[in-house]
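The exercises below ask the reader to work through a structure with the sequence and coordinates at hand. Each task is followed by a solution in steps.

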Amino acid sequence: MGEETKDIILSYIRRDVMESTLEKGVRFDGRGFDDYRKARVQKSVIKTAEGSALAQIGNTKVLAAVKFDTLTPFPDRPNEGVMITNSEHLPTASPTFEPGPPRENSIEMARVVDRAIRSAECIDVKSFFIEEDKVLGLFLDLYVLDHTGNYTDTANLAATAALTNTQIPKVEDGKIVRGEYAGPLKMDVLPVSTTMVKINGVWLVDPIRDEENVAETALTIGTTEKHVCSMQKDEGSLTKDELLNNIDIAFKSGNQLRNIIKG
Amino acid sequence: MAKEKVQLIVDGKRIDGRTPEETRSIRIEAGILNEADGSAYIEWGGNKIICGVYGPRECIPRHEASPYRSIVKCRYMMSPFASLEEHGRSGPSRRSTELSKVIRETFENLIISERFPNTQIDIFIDVLQASGGTRTASVTAAAVALVNAGIPMKDVVSSVAVGKAGDELIVDLNKEEDNQGQSDVPIAMSHQDRKILLLQMDGLLTRDEIAKMVEMAEKTCDNIYDMQSAALKKIYEKGEDENIEW
């Protein structure tokens with residue numbers, strides 16, 4: 001069912017080196033277990049969108065863009081605007097990404113980022129109401145441009161950064177006036193995610209692709225300043241103590257990422 | 001953005017009269033399909049789900065086969081008539097794609113797939129009627145169906161959602177609590193070694209709340225495990241030509 005192109009199997013020698021460096025308390029690329037690669041964010045990179053940001057963690061790059069359109073609200077929330085998150089794993093970004101409709105990893109990434117942002121209640125969707133049966137829809141598109149590991153955290157970083165950079169369009173007679181704005185989107189809470197993988201019993205924050213490929217367990221935890229706002233376990237299993245320990249790590253590294261968004 | 005419109009907890013009772021740690025009624029039947037290698041039916045509150053397991057059988061398409069292990073495939077699907085609201089779309093959705101993935105990853109931890117190289121094991125889950133908590137009910141049913149199929153597994157998994165509504169932590173969210181509550185945390189846990197095999201979350205929670213919730217889920221999973229094993233034992237109690245009623 002939609003199994004995606006598998007990464008090239010890590011050679012035994014490379015795997016041995018990875019595991020023996022882990023025993024010494026260092027990672028393949030010299031980082032500590034809880035260290036992120038260098039992360040940075042550039043805002044306002046796409047002028048045609050109402051908000052945008054390019055996030056980079058190590059060499060992984062994700063572009064997030066925000067566009068608005070008018071929509072019919074969901075029947076169970078007639079007074080609220082809508083947020084729709086989509087992702088694109090561009091085949092240019094990795095040999096494991098294929099052209100065509102989104103595969104399960106791409107869908108999952110969009111849904112995990114969407115959940116973190118939605119749960120954090122950082123967007124006031126009530127302010128998107130225009131008139132009966134008409135609301136503003138916020139389209140958040142996540143483009144993975146280069147994948148060297150951990151696209152989920154990079155995408156979440158890009159998404160939150162793009163939202164802090166978003167201008168709400170001006171609406172006249174129920175129509176969006178393009179190029180004119182009613183004001184910036186308020187973002188008081190900054191949800192970001194931290195992905196961790198377990199290799200040989202050690203948990204590593206922000207895995208590179210080789211680490212992802214040999215990981216026994218993968219876990220993504222979304223945090224705001226005070227709360228956990230999303231969790232998603234991928235392959236593997238973990239104990240309750242590991243989970244709680246990882247939540248502590250997620251808050252710590254989440255704060256680093258939040259500082260990067262704040263600039 | 002889950003804002004509570006209705007009072008979900010009044011005087012310590014939930015809208016369906018349950019206490020915070022009470023589950024809805026659960027009925028599990030194993031071996032209900034005639035042609036499947038293993039099967040199960042679960043009725044969990046207003047959820048009605050059938051699960052059929054086929055395999056290990058030839059892996060198709062063949063290029064997906066692995067010479068090292070059996071490929072586990074899972075298809076979770078919601079029928080278009082499963083919810084009280086509008087007629088849904090049939091076929092895979094973004095939601096069902098994600099759920100199929102996390103359910104598959106739950107069982108990849110358990111199935112001893114090295115025993116069956118070049119094959120695939122199919123887990124088909126069809127939600128006929130939905131009322132909150134279909135993914136956890138599906139995992140619970142699929143575990144029974146896999147045992148029923150005789151597929152070797154390291155452990156049995158049980159699953160339940162814990163959550164938060166009306167500022168209280170609750171077990172086994174119904175549809176209203178899922179839609180309008182503050183948080184939803186589906187958890188699946190293996191019975192012997194107490195590993196978390198499925199974990200998702202939305203809403204806002206503190207670390208301490210999550211710690212408490214995992215404990216609540218563990219306790220409930222123990223009860224569900226008893227129901228799963230009772231369903232499996234029942235197959236051997238029936239006569240050779242009798243069918244399991246479901």
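Conventions come before the exercises.

This is a predicted model, in which local features need pLDDT of at least 70, side-chain atom pairs count only at pLDDT 80 or more, and totals for chains, interfaces and linings use all residues. Residues are numbered from 1 along each chain as its sequence is written, while chains are lettered from A and ligands numbered from 1 in the order in which they are written.

**Exercise 1. Confidence and overall form of chain B**

Task: State the confidence of the model, and describe chain B as a whole.

Solution. 

Step 1. The model scores ipTM 0.87 and pTM 0.91. Chain B has a mean pLDDT of 94, with 98% of its residues at 70 or more; pLDDT is the predictor's confidence in each residue, from 0 to 100.

Step 2. Chain B contains 4 helices and 11 strands. Helices (H or I, at least four residues) and strands (E, at least two) are DSSP runs, numbered from the N terminus.

Step 3. The radius of gyration is taken over C-alpha atoms, and the globule rule is 2.2 Å times the number of residues to the power 0.38. For 246 residues, a compact globule would have a value near 18 Å, and chain B agrees because its own radius of gyration is 18 Å. Along the principal axes, its C-alpha atoms fill a box of roughly 55 × 40 × 40 Å.

Step 4. Of the 246 residues of chain B, 51% count as buried. A residue is buried if 20 or more other C-beta atoms lie within 10 Å of its own, exposed if 12 or fewer, and partly exposed in between, with C-beta atoms placed from the backbone.

**Exercise 2. The five-stranded sheet of chain B**

Task: Give the strand order of the sheet that contains β4(B), and trace the pairing through it.

Solution. 

Step 1. The sheet is open, has 5 strands in the order β3-β4-β5-β7-β6 (chain B), and shows mixed pairing. Two strands pair if DSSP finds at least two bridges between them.

Step 2. β3 and β6 of chain B each have a single partner strand, so one side of each is left without a neighbour in the sheet. The twist averages 15° from one strand to the next; axes are lines fitted to C-alpha atoms, for helices over the stretch in contact, and angles run from 0 to 180 degrees between N-to-C directions.

Step 3. Strand β3 (residues 26-30) of chain B runs antiparallel to β4(B), with 5 bridges between them; E29(B) has Y41(B) as its bridge partner in β4(B).

Step 4. β4(B) is in turn antiparallel to β5 (residues 47-58) of chain B, over 7 bridges. A40(B) is partnered by C51(B) in β5(B), and C51(B) stands opposite I125(B) in β7(B). The antiparallel pair β5(B) and β7(B) is joined by 9 bridges.

Step 5. The hairpin of β4(B) and β5(B) has 2 residues between the strands, and G45(B) there takes a positive phi near 60°. β4 (residues 38-44) of chain B is largely enclosed by the rest of the structure, because 6 of its 7 residues are buried.

**Exercise 3. The sheet across the two chains**

Task: Which strands of chains A and B form the open sheet of 8 strands, and in what order?

Solution. 

Step 1. The order is β10(A)-β9(A)-β11(A)-β12(A)-β11(B)-β10(B)-β8(B)-β9(B), with antiparallel pairing. β10 (202-205) of chain A and β9 (168-171) of chain B each have a single partner strand, so one side of each lacks a neighbour in the sheet.

Step 2. V228(A), in strand β12 (residues 228-233) of chain A, stands opposite L205(B) in β11(B).

Step 3. V228(A) is buried because 25 other C-beta atoms lie within 10 Å. Beyond four places in sequence, its contacts include I247(A), M201(B) and I210(B); two residues are in contact if their C-beta atoms, placed from the backbone, lie within 7 Å.

Step 4. Helix α4 (residues 207-237) of chain B packs on the sheet and touches β12 of chain A together with β8, β9, β10 and β11 of chain B.

**Exercise 4. The interface**

Task: How many residues of chain B are in contact with chain A, and which strand gives the most?

Solution. 

Step 1. Contacts join 30 residues of chain B to 28 residues of chain A.

Step 2. β11(B) gives the most to this side of chain B, with 10 residues.
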